[in-house]
Amino acid sequence: MDTTARTSTIRWEESEDHVVTLVLDDRSQSANTMNAAFIDSLDAVAARLAQRRDDIRGVIVTSAKKSFFAGGDLHDLISVTPETAQKSFEAGMRVKRSLRVLETLGKPVVAAINGAALGGGYEIALACHHRVVLDTPAARVGCPEVTLGLLPGGGGVTRTVRMFGVEEALRKVLLEGTQYAPARALEAGLVDEVAADEDELIARARAFVDAHPECAQPWDRPGYRIPGGTPSHPKFAANLPAFPALLKKQTGGAPCPAPRNILAVAVESSQVDVDTSFVVEARYLTELVTGQITKNMIQAFFFDLQAVNSGANRPKGIEPRRVSKVGVLGAGMMGAGIAYSCARAGIDVVLKDVS
């Protein structure tokens with residue numbers, strides 16, 4: 001590399017033939033997250049790319065961590081209040097504007113995904129023109145925000161709707177929060193290539209840059225139409241009332257604002273231009289993060305679950321030991337589930353019930 005520079009979380013490396021590699025590397029934590037330092041770094045990098053667009057050949061985005069990018073900073077999101085809602089909205093819009101600079105650069109931008117790219121990580125990849133993922137057990141791509149009461153607020157709804165169409169984006173990516181392993185991600189169209197090792201990962205990214213001296217997203221090309229149509233198409237419009245009805249059936253009528261908001265953004269964003277869609281997306285996300293249901297879900301399904309999985313509730317002062325046999329009283333739903341989990345773990349189980 002002939003030139004190397006860094007912001008606080010993104011390292012700029014430029015080869016002699018003017019291919020820029022943006023290395024995501026927040027040295028203050030073990031994983032890259034979309035915190036305030038990253039947003040500042042992304043702004044600075046986007047401005048530099050815009051300034052240099054005429055003398056660089058392309059951009060590769062990768063990570064120095066074991067994971068590619070972990071997504072939004074949940075500590076920041078859970079602390080948003082109605083009083084700080086505008087600040088949260090503006091932070092999200094800054095991310096979207098910077099990623100928009102990346103995808104409208106006119107030069108090829110490739111995501112070299114070397115680990116998990118979930119939530120904000122996959123949204124960064126979506127803003128690239130080509131996605132190559134490393135074939136490793138730790139690699140996962142997708143938008144699992146709905147499982148935490150959130151929606152993809154870094155352009156994820158906007159771009160997946162334009163990639164797959166409203167119905168397919170909802171099914172494949174947005175409403176289920178599915179995390180795809182590399183082979184399944186390739187099959188589903190979430191990524192474009194799978195690389196066997198890290199050398200091949202970068203080689204494939206470089207090959208795309210070499211083969212595409214000019215590049216643009218499909219939705220930025222003249223005449224592009226969203227697959228499957230929009231509410232202005234009679235066939236799509238006729239099926240549209242079934243979407244909220246099916247969602248209500250799936251949630252059992254429970255108060256689930258995240259899938260409701262995701263559905264609203266997907267449908268509304270398909271009727272406007274990309275930049276207006278970003279605003280729609282940001283407003284619906286801001287509504288979620290100021291609400292108590294989302295805060296409860298983040299606390300329970302991330303922070304509390306993380307504590308449980310790390311053994312935080314294990315009694316102190318008791319040496320670990322291997323259990324070889326378990327007795328379970330009661331073969332109801334809970335007892336049967338406990339017995340099944342123990343048996344799957346290779347433990348002998350005695351299950352006793354009245355009949």
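This is a predicted model: local features need pLDDT of at least 70, side-chain atom pairs count only at pLDDT 80 or more; totals for chains, interfaces and linings use all residues.
## Overall architecture

The secondary structure of the protein consists of 14 helices and 11 strands. The radius of gyration is 23 Å, close to the 20 Å that the globule rule gives for 355 residues, so the protein is as compact as a globular protein of that length. Taken along the principal axes, the C-alpha atoms occupy a box of roughly 75 × 50 × 45 Å.

Of the contacts between residues at least 6 apart in sequence, 71% link residues at least 24 apart.

## Burial, surface and charge

Of the 355 residues in the protein, 47% are buried.

The protein carries 39 positive and 41 negative charges. The mean position of the positive charges lies 6 Å from the mean position of the negative charges.

Gln-217 lies in the loop that runs between helix H8 (198-211) and helix H9 (234-239).

Beyond residues up to four places away in sequence, Gln-217 touches Glu-103 together with Leu-126, Ala-127, Cys-128 and His-129. With Glu-103, the side chain of Gln-217 forms a polar contact of 2.9 Å, side chain to side chain. With Ala-127, the side chain of Gln-217 reaches the backbone oxygen at a distance of 3.5 Å.

A further distance places Gln-217 relative to another part of the chain: its C-alpha atom is separated by 35 Å from that of Ser-79, and the two residues are 138 residues apart along the chain.

Glu-281 belongs to helix H12, which covers residues 274-289.

Which residues are in contact with Glu-281, leaving aside its neighbours within four places in sequence? The partners include the run Leu-151, Pro-152, Gly-153, Gly-154, Gly-155, Gly-156, Val-157 and Thr-158. Lys-96 and Val-265 are also in contact with Glu-281.

Definitions and conventions
Residues are numbered from 1 along each chain as its sequence is written. Side-chain values use heavy atoms; hydrogens and water are left out. Helices (H or I, at least four residues) and strands (E, at least two) are DSSP runs, numbered from the N terminus. Contact means heavy atoms within 4.5 Å. A polar contact is a pair of N or O atoms within 3.5 Å; within protein, one must be able to donate a hydrogen and the other to accept it, and residues adjacent in sequence count only if both atoms are side-chain atoms. The radius of gyration is taken over C-alpha atoms; the globule rule is 2.2 Å times the number of residues to the power 0.38. Buried means under 20% relative accessible area, exposed over 50%, partly exposed in between (1.4 Å probe, protein chains only). Lys and Arg count as positive and Asp and Glu as negative; His and the chain ends are not counted. The place of a charge is taken as NZ of Lys, CZ of Arg, CG of Asp or CD of Glu.
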